[in-house]
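Keep the viewer open as you read.

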Amino acid sequence: MSSIEYDIFWYEAIKQLREENILSDQECSMWFNNMKYSSSSENSIILSVPSNFYKDQIKIRYSAILEKKILELSGTPINLQFDIVQKSNTATTKTVNSPKPKVKVIEEESSESSDDYEEEEVQEKEYKVVDEDRQHHQLKKEYTFENYVIGDNNSLPTNAGKAIVNNPGKDYNPCLIYGGVGLGKTHLMQAIGNGIHQKHPDMKIVYIPAETFINEFIDAIGTTKGKGTGTSQFKNKYRKVDVLLVDDIHDFVGKKSTQEELFHTFNALYDSNKQLVFTCDRPPSELKDFSDRLRSRFERGLNVDLLPPDFETRVAILRNKAVSKKIEISDDILSYMAKNITTNIRDLEAALTKLIAYADLVGKKITMEVAKTQLKHVFQKPLQLNITIDKVQKVVAEYFNVTTIDLKSKKRTKVVTFPRQVAMYIIREITDFSTTEIGLEFGGRDHTTVMHACQKIEDMTTTNSTLEPTINNLIRTVKESGGN
Ligand SMILES: Nc1ncnc2c1ncn2[C@@H]1O[C@H](COP(=O)(O)OP(=O)(O)OP(=O)(O)O)[C@@H](O)[C@H]1O
């Protein structure tokens, strides 16, 4: 393949990612203007970048989405490689001993500095979004957008989060981020908090896990003793903020009076255009034992779903963590881990931490052999997850309020056929059962019936926007119950 062909794919990939708003203008001017297409080899594109810093950042942040897009466009798996191109001597001498002119050069050229590597130093400062002196006491400083790898699974929630940082209380208010265990809800919520704290230093931000909110509320009632001081202090604390971040609101399920309190807090803040962000392990429509009016408040704003990351994103996340821990670990090993750990990001991190600790303690390099031996048990856990047809039928039947006997029966009323088709679709998606095997477990149906059902549900997900989250949630429930 000639370099010209890859050259075209490279520029087209960037163009499309911009059009799809996956890359913002700011990101392009910050990272892409300082990187140049250099050449191609058989399966790779070589880009020239000004420093190792750039190389690592581009790898962490964008390799996965770029490689995926180029694969989509060219049909060939291409990996991105980087050449560090030194600054030219003239450019260096122009600025090295004269700080003032240097700033001037940057200002003059920053709007269209497609090949100006002099910005690197300034941009490294910009990249360090969390300024140590201005760290918010409740938020983890590592939980920033810069450390949050973007993939197809989380690009919408991440872009929404960035928009909130730019305009708190305006466009996406309230914002509810939902998704399964360990998929990055807290990280994203705190990144929003950290971003606002940096960009709008005067805003009062409160982050609170739902459980702490509940406990504080119970304590406040206990100390009130008729004078109202405990509860009024509580109200003051949460109703006089500019940004309220409440983590894991599913913990409010069944807690009637705390829900009531949250409802009033919500209204007070919402009415005065204060930003509200919540996280939850499921869509609000599926919060049982939850006040309808509070649920409808959550649904009023933007609800975004964090999905499990795909393979490329898992590799990028591992790379990010390895770089931030300054650990050298080959791409082969990272790919091997990403292939075998598909549960969630927390599990990926735990596996990497285990490898690093081992290598550190015994003073060994992390080789493929070390990875295979040390992570044997970690890998076995998810792989042994045994999802049966029976389990999926139970979860789906319970959700749609029909019986598993209905699903296997000859009944053809819509109340039964739709859940049956959903169950067949989920089994095809998450297990290796063939359509023949599936048909047999649904009252001896033919494999073509199963194929038809799967196609029908797939088509419906494109027209019915609530179906996909519902299916994802059912899949999550099946997986979380261990498949048994
Ligand atoms: N896109 C990402 N890029 C980099 N790291 C991530 C990403 N998503 C999650 N992580 C990391 O994975 C770990 C788990 O994330 P987090 O605690 O935010 O998940 P969660 O969805 O809130 O989990 P839980 O359901 O237990 O509340 C954190 O260390 C976080 O930094």
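Glycine 182 counts as partly exposed because 17 other C-beta atoms lie within 10 Å; on this scale 20 or more such neighbours make a residue buried, 12 or fewer make it exposed, and partly exposed is in between, with C-beta atoms placed from the backbone. This is a predicted model, so local features need pLDDT of at least 70 and side-chain atom pairs count only at pLDDT 80 or more, while totals for chains, interfaces and linings use all residues. Residues are numbered from 1 along each chain as its sequence is written.

You'll find glycine 182 in the loop between β4 (175-179) and α8 (185-199); helices (H or I, at least four residues) and strands (E, at least two) are DSSP runs, numbered from the N terminus. Neighbours within four places in sequence aside, glycine 182 is in contact with Asn344, Ile345, Arg346 and Asp347, contact being C-beta atoms, placed from the backbone, within 7 Å.

Threonine 186 sits in helix α8. UniProt's unreviewed entry lists Gly182, Gly184, Lys185 and Thr186 under "binding site"; its positions use the numbering here, feature names are shortened, and annotations may be inferred rather than shown by experiment.

Now the backbone. A cis peptide bond joins asparagine 173 and proline 174, with omega about -5 degrees. Lysine 326, not a glycine, has a positive phi near 55 degrees, and it is exposed because it has 6 C-beta neighbours inside 10 Å.

Methods:
Contact = placed C-beta atoms within 7 Å.
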